[in-house]
Every structure is written in structure tokens, then in C-alpha cells.
Amino acid sequence: MPQVFHRSTNTFSRVSIFGFLFFVAAATYGLALLNRSSYVTEAGVAREQPVPFSHKHHAGELGIDCRYCHTSVERTASAGIPSTQTCMNCHAQIWTDSAVLEPVRASYRTDSSIRWTRVHDLPDYVYFNHSIHVQKGVGCATCHGRVDQMNLTWQESSLQMEWCLDCHRNPERYVRPREEVFNMAWEPPSNQLEIGRELVRAYKIQSLTDCYTCHR
Amino acid sequence: MRRPPIYGMLAEFDTPTQLVTAVRKARAEGYRVMDAYSPFPIEELHEALHFHDRRLPLIVLIGGIAGGLGGYLLEYWTSVIAYPLNVGGRPLHSWPAFIPVTFETTVLCAALAAVLGMLALNGLPMPYHPVFNVPRFALATRDQFFLCIEAIDPHFDREITRRFLQRLDPLSISEVEH
Amino acid sequence: MSGALDIEAIRRRLATGDGRRFWRSLEEAAGTPELAALLEQDFPRQVAAGLGVGRRQFLQLMGASLALAGLGACTRQPQQEIVPYAKAPEDGIVPGEPLFFATAMPLDTGVYGLLAESHMGRPTKLEGNPEHPASLGGTDVFAQASVLGLYDPDRSQVVRSAGEIRPWSAFFQTLHAAMQTQRTKDGVGIRILTETLTSTTLHDQIIAFNSELHSARWIEYEPINRDNALLGLQAAIGTDAAFYNRLEGADVIVAFDADLLGSGPNALRDTRAFSGRRRPGGRKPMSRLYVAEPMPTVTGAKADHRLAVRAGDVEAIARAVAAGVGAYGVTAAAAAGPHAQWVEAVVKDLTAKRNSTVVVAGPAQPPAVHALVALINDAVGNTNATVANVRPFAGGREQVAALGKLVEDIDAGKVDLLIIAESNPVLTAPVDFRFAERLQKVPLRIRLGLYEDETSRLCHWHLPAVHYLESWSDVRGIDGTTSIIQPLIAPLYDGKTVHELLAACMRKDESDRVPTSYEIVRDYWSRQRAGDSTAFWRRALHDGIVEGTTGAALRVDRDVEYLPKMAESIPLGDGLEITFRPDPAVYDGRFANNAWLQELPRPMTKLTWDNAACIAPVTAERLGLASGDVVELRLEGRAVRAPIWIVPGHAPEAVTVHLGYGREHGGRVAEGVGFNAYAIRSSTAPWIARGLQIHKTGEHHEFATTQHHHDMEGRDVVRGATIAEYQRDPKVIREQGEEAPGAGETLYPPVRYDGYAWGMAIDLNACTGCSACVIACQAENNIAVVGKDQVSRGREMHWIRVDRYFEGSADTPAIHHQPVPCMHCEDAPCEVVCPVNATTHSNEGLNQMVYNRCVGTRYCSNNCPYKVRRFNFYLYSDWSTESLKLQRNPDVTVRSRGVMEKCTYCVQRIQYAKIKAEEDDRTVRDGEITPACAQACPAEAIVFGNQNDPESRVAKLKAEPRNYGLLAELNTRPRTTYLAELRNPSPDLEKA
Amino acid sequence: MTSPVLKPREDRRPPIIAPGHTFETVTDRISRVVLRKKTPRGWIVGFALSFALMMVLFYTIGALLIRGIGLWGINIPVGWGFAIVTFVWWIGIGHAGTLISAILLLLRQEWRTSINRFAEAMTLFAVACAGIYPVMHLGRPWLAYWLFPYPNTMGMWPNFRSPLIWDVFAVSTYLTVSLMFWYVGLIPDLATLRDRSDSRIGRTVYGMLAIGWRGSAKHWHRYETAYLLLAGLATPLVVSVHTIVSFDFAVSMLPGWHATIFPPYFVAGAIYSGFAMVMTLAIPIRRFYGLEDFITMRHLDNMARVMLATGLIVAYGYAMETFMAWYGGNPYEEFLILNRFTGPYRLQYWLLITCNVILPQVLWLKPIRMNVAALFIMSLVVNVGMWLERYIIVVVSLHRDFLPSSWGIYAGSVYDWSMLFGSMGLFLTLLFLFVRFLPMISIFEMRTLVPEAEVKEEPL
């Protein structure tokens, strides 16, 4: 007898077809979201550190300048991670017996490094240079966020290529006067765009989207 | 309107000629809501049914145009607007190089439109259909030819219709359950 | 780099040498149909490919590749750590900032003055020290590759005695005991064998040592020694002397079997001076170079008139020239035979240009020739004008004779304690000395060396030496220039210097501390320089030269009383001749474990990973030999099996073999590569021998060469003219090839480059083909070594290659060298065909290759008319060997499997300079950016810069009429262009 | 769609369907092959062999993924080898299917009816085989999806100037359209199988695939419109696909690749090889399944004629290349041709000329065209010849281009060969599954060739 299927299969078959199409679309979209999610980029995830160093306390409350610790940020590609020496400059005097700081003192005593967990990690084929960005009026906070409000430091931005390109394509949206670079609290003024354009002219900022700008 | 007790009345014929004649006669009799079933396409049949549907070519045309435009615009946007790159000193908008892909997307979308359009207009997929309830209908995909006058036809009447069909001396006549 | 994976693979492949034969093309050029060629042409032969990769590596690969893809899809960055200093170092080390230190590398009787680039305390790259007269900023392959030697994982790392790993203390006990007994008998049983002594400190130590133990003896031995020159000059001048030339003053140069541009302590200095005199429009006229030699060398390739003669026949020619110029005491002009014209021309030029010519003979020529050369130079007034005779450091020494004496002493049982520092006599000593067997008669044998090599195996104690980049020492060049060798890094392994070893011997009391070589060297120099030694020391270290030493070498003049004698000439038999040469890549064998050098295409043969018995095409034909045929070379009853390599331009009836291969111990790279030519090299004929017999074995050897076709096929690849033609009409160069289409002749709107426009000009006239650029590039750009098998499959990775073409007859061809990096075409064919935009153009005209975007279609390479792109067919980069990672340049991505790569014009240097310039708000100065190849080039043949700036050197060169673009008719608009090669032939010879 | 036109034929050529067939004989003969319970031993053996061969392919692919494409013989300068050669070869083979089903349909060639179904299947499987190569020949195959334009975190897009991107679109479009064309053609026959299958599974599976086809006149009407339109679209598509494949070479600047004649001459070559392959498959199948009534000598004759014609076009292509090399006066082109004639690969070149130009001339002779064995051999010869043609084009141009210094030699490695034969394994495996589970001849179209199919006019 030829009637193989039940009535319901008509509806079922059509629904399943549309359902499938919908599923594919949804999956694609979901994947795109996932790639940009903090799960993949690990943005906004505060990292456990051997010593719970708080930028909030040091940079925010005490108002220590970024460059006190990140000494080479204006001169070289890497901003520089302070040596234990730098910590001890103060902590030889204050909090000399706090348990939290024991690893620091130990490191200093035994002349062995503190092994910090890396927060900002670019792929090995990406070459980022701090000094030139600082030179051209890109503020610390522009990429690193309000570090002065972070207890444990996290990565603020996705650090994905499209994110870099956004600023490299239209720097005027993000640059600030050189003297404001290390000012965490600096907010873009309402007329950022026109100020930005002037700065771009003044600092001879190029919009560099050549591959070799970052990849070598 | 009230759902009729049965789907319709199914008459079985041996040759395409008989079927075509039957259809013509049925129309002459005033029946309109009917369908003919054959194991292979018969030009004369839809003529006899006075059935003409010209929407499909239009759908395909639209599909093609959409595909072509979509393809070209994608190429233009990615190479000129999204990330303009100097590739071997060629202009950003190297239109001659964009033609092949445009052509392919045109064909692709047009073909998709043709197939999906055809299925949609035919209301396929439809695994369940009343006519399948008639056991002999299995032969419709082999060597037999069927005419089904549906119950929703205003002229339809179990007795009259059956008698009318008798006159076409079919191999068999059966009522089609819903 | 050559690390675990590669070296293993290499060894396996060397075992199963299943590469393919490639010399067919040469046969074709010679017009001889060749059987193997037919096999080759036969339907694709099945090639067992293979590079074992385990499952774990597979996972690594995939993981790594995905990470490299930088695609988010659930590949998160692995957790990493930051490990800052606990206490920041004073010496200004800043992460990411390279530092440069001056140091020096000794080799032979000479020295390389070097600047070492150091990243975070790791030396990664060596450059020539511009201040140093022996380097003048240039380097050669040995200097460039020595940095890899430092990180070689095969270096010996422990003290070993009888196979056991022992502490230094144990050795010192033994040593002390032995010394105590020797002290009682005035050290009569002590022998110290070193390589040629160039360290002033070591010399001082040895003097001190001898003053205490008078009967101790010190022997220098190197297989590549200067005995002949020494004896020759002694005869001619009557006193020990060495020499160096001042080619900048030479209008005519005559080289008798002397590769003065290619090897020897003066090569860099000479190359710079020579190329300086070969540029048209210089203040002085272009010099003219005559060369008479058996095996083509880079010098011969540059010659205006090259005479392909057997080494043994050079003496007759030299004698004829001497007679021609009326050299003292040379009366009867030996018949110059077929070379009469050449000799005439030489004589004419020499007499015409008094005191502004140079005649020079090579170390392989017998003393007689050196004497003749000295007399010729005297006769035409070159001595002390263009040729400087100087007192050789530490008194000249006949090394072979000295070694012979040592062997006798051993037989006589006079030797109780033999200390061998560096020198590897078991491999390199003349075979008739049977050194290996003699050595084992010595009661106590101590070896200090970088590798546990053939000699170490036969010694009681092997002591790990330190690499010069790890050690304190000093070195003195021929002209007296002395440099302090300072370490760039603490010794990687627990090694000692020869200074420390000697100091240890000198200890009176076992409890005395062995002074460090720093103390020893420092102490020596503070004794030399009274006054503010610290300031002096700082200065010396900073400059890389001890001030006031340059040219301080004692000048020697022949005193008028002395009647020059002719060193009598050693009679050679007849029959086939064989000559022994240092290898252009592994020298005397000491660099055999350096994978960069092993894989360097030899300038003349373009062979890699091999040495060969080189013969002339005619001789090959006569003997029915083809390249790759394995033959047995029999000489004085000794034999060695060697594969034949046919070299156009080689002297007929002669065979040239290169030393330093066939190593049995001394590293995984070195072992089993090539054949050991020392096996037939005797003390009686260390350089030239006759009566060689060649016996076919019927076997075939697979060579791995990087160039298979040596004929330009009449294409205008290398353009050139004679200086006369060029001066008459500079257009001659442009007319040699098809005209490049003008800027307007294109359908595309022109792309404008307003800012910088980087470009490169390569002067073929200056280039000698020495290939220093190849190794420099390899060191700078983390270029992988692929091994013999892969090279034989045409998969070498060098970003810059030096093409070598023969022109004219196969017997006396003109030889051209052409370095080919990426042309950075403005209309780059490679870019258009890349489906994923992995290679595109920068707004400064760089042809950018982005590894992490590349999916590896290889379409770009197919469409590159210059074939300068290189592909990672396997995971060539060594990701596992730690020590090799230290050498990597942190500013260059280490490429993964499956991606294309190519010359970037050293973009990392460009970016560095640009950023520095931007920061001081200025533009990049001309010469501020120097790519590795340009920096290494001793001839300054490669010039890089901004061609938009009319004042830049590169713009000026490109403006010259002899500037041309390779294949420019394809309208690729290359940014790398060439300056045509100009020759300066003698009018007389040209007529003939 | 063709309405049955059965005016008595005057020509003496064999008929396209043996006389005496009715609707049910046609239906039963063809569907029996699929519906019969026990699988013929011959099929099992053949399938086992081709399956084993397919495993060789999978092994090779695994090895390539783990170790890298260094396993192949490719190098610099010869960056492309067997992979691209075989890719072009398979794509070419595919073309015959589309040509038969689409172009001959538009030309109302009835004889196509009995061969178009498995010709289309062949197309599908050939394209599937071809599709493997572009992916596997990548240095990093796991990134193949970068060739498709999709929004990504890198803000990067494909380079639409590259012929390889054109390929991606052409091949994927071709695959999709061929698939639809094939499936649409199958629907009515699937319905037949649904109704004739006596096993529950059979009914269900075929039923699902038949998506409730019931042969309604209205459906037939739209169905035929769609089928015609598809044919109309497939025809330019099939031409464009091999044109674009030829662009991979023509757009580059290599001597021997950079030629304007490539598109037409590639398309002709494709049809040439395609028909050869159809013949290679048709002859054994009709024999094995006793379908001589449906695939008659008439079909073989016609296919032989097409081969002859396209073969001549290809020959003209070769001649033209040589002529232009001389006439164009480009030294590199001149050298290339000489190198083809006398260089290291001359053996392959002259073999190619023999297979593609010289031997096929025997097809002028009717006795040959009427001799099944001879035709079978010829079809094999042409298959080999066309593979060689691509080999010559790819390898010879690459191995000696502009700078003599960078000239090299290429030879396929064992992995090249295993990949080539492995892909044939995949092709045959799919084909065996097809002939076992789907009607290899379009049943409903065959019905239209039966005499009774004609509607005789009779008065109401």
C-alpha cells in the first residue's frame, strides 16, 4: 500500500527544513560571537597573581606614575616589568612584615624572580611597540583601561586584529595630547574628533594599516 | 466551508490518451477542481486542465539578479571599503577581476531559486497525500494513469460523479479517503 | 635551525642518500647526452619522501598552526608567565633593545674584528667592526656562521676521561701530578700543540712557561698553514716575514694561484680595496686583475684574464714573468709555453705601472713561487708601496716540520705529557706522520677542544673549550692590529680557555686557584700599558682595537747585503695532478658541524653538504667520467673514494679536492658528510701532488646542489661590458636587454609612493660571490636549515641566493655571480594571485609577506619570475632544541610549517629605524638602515635606501647608466636593481 | 521536456531504445537493478576493491595532514604538481555529465535520456574528487575556509583578484548546481522506487527522498519548467567553470600558461575527457546489467563522434600554442615549446600527442565506432592523454621559466601516486553505491520513449 507516511509528516518535514536553515544561521552567528567573547579573548578576566598586586591601590590611591615601574615605556618596544628592586624601594620601609609581601621579600633575598602571570599576551607574530604609541599620544588607558581602578589586573580590550585596526584606521577618535598620555582619568572631550584631527596633524600620526606595521 | 466526507473520486486509465480524453470530458462536464496523475510528463495534460503557472521563471530571474548584485557588491565592499590593500599595484576597484565571481553567484542563486521555487509552488515536500490511500495509486509511478475529481468541486456528488466516471470506461474507480 | 629534528633527519637522509641527480643540465650545455638524464626524464620516478614526525609533534603542529592562524575559534592563548629581574642589571639591558659589543674572532693567521648584536645577553648576530682594518665592516661566511657554532648543541659540555664524565678538580689533580714530575726534569717531556698562535697574551704565557721549564716544547700546527710563503720570503729577503697587500693602490694585480679575495687572513681587507678600484668614475682608473689558477675561485671569477693552469705549472709562468720584469737573479726565462701571450701582457702591465701593482702567490704554491713573487714585487717597486712585508707574529714557524719533529720525539719516547689545544691533528696531520697511532704512545694526552672529535677520542682527557664568544682573550692581526676578545655571554657549558689551562699547568701549589682568563688577559695588558689601565681597557673593549697597534707590525726590508736566493723548486712528477684546498664552507674541517655552512651553496660548485673531486670537462670526457661517479683517488699507495664533480674552467689533467669532510667524530652534522681528503695528503706534498690515479668504482653519489643550470641561455640576466666600451657609450648596458615599459605603458592608474620608497642596488662589479650575505641573512632572519635531502629536492630556504653562471667555452668560461633577493616588484605578480591577501604591498613599496595569513597555495612562487620565494614544505624551524632558540632574532617571526617566506629587506630593521626617527621627529637618514646582506658584504656591493631621496646612495647608484632591472621587460618594476658588470681586459690580450 | 516524437525514422542508425518495450518493462528492468534483494557477487568484489583504494586515499590525506605536503614531489620552482594536475583532470571529467544532461537536453537530443542519469552522477563524484585537491594541496589545509569571505576577527577578506578565489566560487557553485540538477531529476524515479519497493525501510527511505512526489500534472508542469531553467543555467556554468580553471594558468605570467587560447581549449579538453570517461563507465555497466536495450550502439556511436570533434578542437589548441610561440616571437615562449618537444619531459609530451591527437583519429572509421572493445580502449587512451596534457601544462612551464639559475626538475613521489589512485578509489566507491541504490537510468524519461507514450488525438 502506497501511503507510507502519517499525516503529520507533512508539517514535520516542512518545519524541519526551516528549522535546519534557522539552526545553521544561528550556529554561524553564535560562533562569531564566541570568537569575540571574553571566553576566547580572555578580556575582563582578572588574573590571579603570586602577589595580589593592586594597581588600584598603587596607581589610583597612591597616585604613583605609570613610569615609576614601567620605566622603558617611553623608550622601547616593551613597557618593562619592574624588578623586585623597584618594589623594595618602598617596601623595605613600609609593610615590611606583611605576609602578603613575603614572596617579594623572598625574591629580593634569594635574588630569584617573581613569576607573574601574564595579562596582555599578543601572538608571537605580532610586534607591538609601546614607545611609539606613547609618543603619538595614545594614552595608557586607551588600551589598558582604567588600570588605576583594577585591584587584580585584567585585560581590558580584545587585542584582536580588528580592534587594533579600528584605531589604526581612524586615530583621531582616540589620540590625546601627549601630556595626558599617563593621565588615567582623562576623558575624551565632546569635540574629540576635531581635537583628534589637530593632534593627528601635530604629531604627524600616520594611519598605518600595512601588514608590516605589525607583522614581520 | 464544510469539509466533505471524502477527498475525491479517483479513476484509473491504461494509456495517456485515455487520461487526456477523460480530463477533457470532465472539464466539458463542468468539473474544475481536479488533478491528473501520470508516470511521466504529458504535454497535453496541463493544457487539458487549463493549468498555467508562469511564476517560476520570474522567481529565477529575481534570484539571479539578487545573486549577481550581491556578489559584486561583496567584492567591491571588501576590496575598496572594508580593507583597501595595494595588491600588485592593481586598482582597488579592479572590476574586470570581479566578473567571474559575480557570474558564479548569479548562477548559484538563480539555480537555488529554480529548485526551491519549484518545490514551494508544488507544495513539496508532502509525504502524506490522500490519493496515496488508494492502493492501486502505487501504479501511478509505473504504468497507470489517474484522474482525481476532488470533493470540494461544487459539481461533485458521490453518485453523479461516479456515474460520469463510469462512462469513461476506466480500469477502476475508487473513492479517496482523506 | 639544525636541531634534534633536523639533524636526526639529516643523518637519516645522509644514510639513505636518495636525493636526485641534477647535474644533467651541465651535461646538456656540454652537449653530451646522458643516460641518467633519460632516467630523469622518464616518467616521474617514485621518490620515497619522508620526514618522520611523531604524534606528539603532530599535535604540536596543529595546535601551533591554529594559534598561528590567530583565528579565535576556541584557540585561546596559553597561560604565560612574565619573569622580571629580581635586581635590574646596571649595564643598561632593556628588554627588546639590542646592545652591540666589539669583539674579535681569530682564524688562521688573521682576525675578524666584529660587533656582536646581543638581545637580553644573548649574542644573536655578528657584524663587521668598521673600525677594524682587517674587517672594515665586512665579514665572511665563517664569521657570520660562528654565532651558530656558539649554540651548537653538539659542543662538548663536560670533562671526560676514558669515557667517564669527571669533575675539573679530578683533571687538575692529574695535571698537577704530571707537572710536578716534569718540574724535576725541566719540563723535558712536555709538548704543547696549539693552532697558529695569534694571541699576544697566550704568547706571553708560553714565554713565561718556557722561562720556567726550558726544555718544554711548543708546537703550532694547522693544515692550512703559511709555511711556503714563509720559506719563500725567507729565501728572497733573508729573514722571516709575512706580507699583506694594499690593493687600493694597485692598478694591476697578478694572482698566482692565490684566492686573495676568497680566503686567507687578508681577504676582507683585499676585497674592500679591490672593489673600491673596480667602480667606474672613481678617482683612480679601474684596476686589472690577472689570475692563474687550477680550480676556479671567487678571485678567478673576478679576473679580467684568468688562466686555467695546473697548480704545478704556475711556477714556470711566475718564473717567466719574473724574467720578463728583470727580477733579481732570475735569468733564463723558462719557456712560458702556451701562456706566452698572457705572460707578455702581464709583464707589459707590471713594467708600465711601477710601484702601483701587486703580485701575490697563494699558500698552496711552493716556496719557489713565493720567492719569485717577492722578487717580482721588488723589481717593479711594489715592496713597501703596495706590498708590506712584516715580521710574522711570534716568529715564523714551519708548522709541518715542527709537527714532524714532535712525531719523532714521540717515537723516541721523549714525550711524557702532550697538551693539544684546539688543533685536531688526528684528522689534519699529514697522513704519512701516522699521527693517530703515534699519539697513543704518549703517556699522558690532554685535549682541549670545542668538540669531542677524532683527537679527543685518542686522548686520556678531553676538556671542553669555550667558544670565542664566551671567552676572554686577545688576537693580533698580520698588520699588528690587536683586539681584545670579550665574551658576549657566560660560558654555556663548563669550559675553559687555553689561557686557563696553561695557568693551571703553571701552578706551584695544587691549592692555588686557577686564575680566570679575564684576570690573565687583563693582567697582561695592564703590564703592557702603564698609567690609567682602566681607561685604556674600557677604550680597547669599546673600540674593539687596542689603540696604537694598527700597522705596528715590524716592517722588514731586505738588507742590501743579502743576496736573494731562489728557493729551490720541488720537482713534480707527471701524470694527473691533485691539489688540496681549504673548503669554502667548512675550512679545514673545524666548521664541519655548522649546519649553516654545510648548507651554504659553495660559491663555485653550488654544492651543499658535500665535497667532491673537481675536474675539468675535458678531463672528465677523456676519463669517461660524469659528475656523481664515485671514483677511487690513489696517490702514493694511499686511496680515498670520492665523487666526481665537473667544474667548467678547471685546469685540465688536474683534480682539486677540498679538506675538512669525512669526519668520523665531531658532531651529528659533521659526521659522514663528504670524504676525507686528508687521507691522501702527505707532508712531502701537502698542496700539490702528481701521479694521481683515478679508478672508477661504478657507484654513484647523489649531490645536493642549488643550481642545476649554468648557462644564461642567451638571456640578459647578467649584463656587462668592458670599461672601454662603457666609457665610449654608457647605453651599451641598456641596449643589451629588452627595454622596460615606461611608467605610462599600463592600463592601471599608477600607484604613488610619496614617503619613503625603499630600494636596493646590487653592484655586480663589486660582488665576488663570496656568499657572506647568504649566511648573514640566515642568521638575521631565523632561516631554517633543511638538510641535504631537502636541498636535493629543490627546497632550500635561503632568502638571498647567489646565482653563478658560466659564459663561453666550458674550458675557459667567463664566470658571473649574481645575488638574487626578493625584487620587491611594484607590480608584484605574486601578490595578485594570492587568494587570501597574505602577500600585499606596503605604502613604502615593500612586498609584504605575512606568514600568519598564508595558507600555502604556492601560487605566488609559481608566478614569481625570479623564484625568490621559499616554502616550508615541512616544519623546518627547530622548535625543540633549546640552545638553538637562544640564537633566534626576537624581531623576526619563526615560520611554521606550510607557509611561504621570502626576503623582507630586513623589515625589522626598517621598522626599528623608522620608530627611532619618528620619536626624534625626523626622517630616517640615508645609511641608517642596512639589511643584513648589505651589512655583511665585504665589497659593499649591496646598497639599500630610500630611492625617493635623490641624495641617497641608492638613488645615485640607480641613476648610473649601468643600472638595470632584472626581467624588467615583464613590467614588474623591481625595486631591487643591478649595476652591470664591467671588465678591464688588457687591450693586447683582447685583440688576440 | 521532450514530448515523444516517434515518426518512423528513415536513418539506418540503431534505435535509441530497443523495440518492444512498454512502460512496465522499462520500469521493471531499471528498478530491478536497485530493488533486487541479493547483491550480485560482481558488485561486491568491485565495491570491495574500490573501497580499499579509497582507504589508500584516506591514508595519504592523513599522512599529508600529519607530516606536511613535503611528502609530495613538489619543490621550488615546481610549486604545483600532481595535485593541481589531477584536480583539473577530475573537473574536466565532470563536464561531460552536465553537458549531456543540460546542453543535449536544450538541443532536444533524445539519445541523451538513457545516459544522462549516471553521467550526472559521474559529474558529481568527479567534482567531489576534484574538490579534495585544492584543499589538500594547501600548506595549511585546516585554514582552507579562509578562502571564503566571512566576517572574522582579523578584519581580513579574500583577494578577489586571485583566480584561486574564482575557482573556489566556480567549483562550489558547480558542485551545488550539479547536485540539485541530479536530485531534481531523481525525484520522480525515487517515487517509483518508493511505490515498488516491498521492504518497509526501502519505502520509508525512498519515500523521504521522493518528498511525496505523486506525478500530478500540475507538478509535472512546474517540474519541467524548473528542469529546463536549470539546464539553461548549467550550460553557461559548465563553460565558465573550466574557463575559470584555465584562468589559474592564463592569468599568471609564466610562459606556457599566459595564453588567451586557454579557456576554449580547456573547455573542449574537458568535454573530450568527460565523454571518454562516460564511455569508460557505460560500456562495462551496460554489459554487466544487460542494459544494451537502453544504452544502444547508437549512444556509443554518438559519444564517439563527440569525442572525435572535441579531440580535434584540442589538437587545434596544441597547434595554436606552437604557432603562437613562433609567431609571437617571445623568446621565453619559444624556449618553452622547444623544451616541451625536446626537454626532460619530452617523453610525456609525445605520449600525450599520441593519446590525444593521433590515436583518436581511428574514430573516423565507422567499424571502430561500432566496435565496443575498440571504443573502450580508445576511451581509456583519451583519459590517460588528458591527464598527461595537464601534467605537461603544469610541470613543463614551471620547471624552466625565466631565470635559468632557478630551473629545476619535478617527479611525483609515492604519495602523489597514492593520492591519484586513491581519488579514483573514492570515485568508484561512490559510483558503485550509486548503481546499487539509485536508478542509473532515468526511468520516467525512458517511459517517454516508449511508443504508447504518444497521445493520439481522438474526438470528444
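D:Tyr145 is partly exposed in this predicted model, with a relative accessible area of 29%. D:Tyr150 also counts as partly exposed, at 25% relative accessibility.

**Aromatic pairs**

Over all chains, the structure holds 75 aromatic pairs. D:Tyr145 and D:Tyr150 form a tilted pair, because their ring planes stand at 55°. Their ring centres are 5.7 Å apart.

Ring pairs also build a cluster that takes in residues of chains C and D. C:Tyr859 belongs to this cluster. From chain D come D:Trp80, D:Phe249, D:Trp257, D:Phe262, D:Tyr265, D:Phe266 and D:Tyr318.

**Charges over rings**

Two arginines of chain C place their charged ends over rings. C:Arg795 sits over a ring of chain C, and C:Arg853 over a ring of chain D.

| Charged residue | Ring | Distance to ring centre |
|---|---|---|
| C:Arg795 | C:Phe873 | 4.5 Å |
| C:Arg853 | D:Trp146 | 4.8 Å |

**The second largest cavity**

The volume of the second largest cavity is about 1,000 Å³. Its lining counts 50 residues. Nearest the centre lie C:Pro106, C:Glu195, C:Glu422, C:Leu450 and C:Arg590. By class, the lining splits into 21 nonpolar, 18 polar and 11 charged residues.

Which elements of chain C each supply at least two lining residues? The strands are E2 (99-107), E16 (444-449) and E18 (473-476). The helices are H5 (141-151), H15 (425-428) and H18 (498-506). C:Pro106, one of the residues nearest the cavity centre, falls within the range of strand E2 (99-107).

Terms used:
Residues numbered from 1 in each chain as written. Chains lettered and ligands numbered in written order. Predicted model: local features only at pLDDT ≥ 70, side-chain atom pairs only at ≥ 80, totals over all residues. Heavy atoms only, no water. 1 Å grid on protein atoms, 1.4 Å probe; cavity = no way out; pocket = protein on both sides within 12 Å on 5 of 7 lines; lining within 4 Å. Points joined across faces, edges and corners; volume = space filled by probe spheres on them. Helix = DSSP H or I, 4+ residues; strand = E, 2+ residues; numbered from the N terminus. Nonpolar A, V, L, I, M, F, W, Y, C, P; charged D, E, K, R; others polar. Phe/Tyr/Trp six-rings, centres within 6.5 Å; stacked < 30°, edge-to-face > 60°. Buried < 20%, exposed > 50% of the residue type's maximum accessible area, 1.4 Å probe, protein only. Lys NZ or Arg CZ within 6 Å of the ring centre and 35° of its normal.
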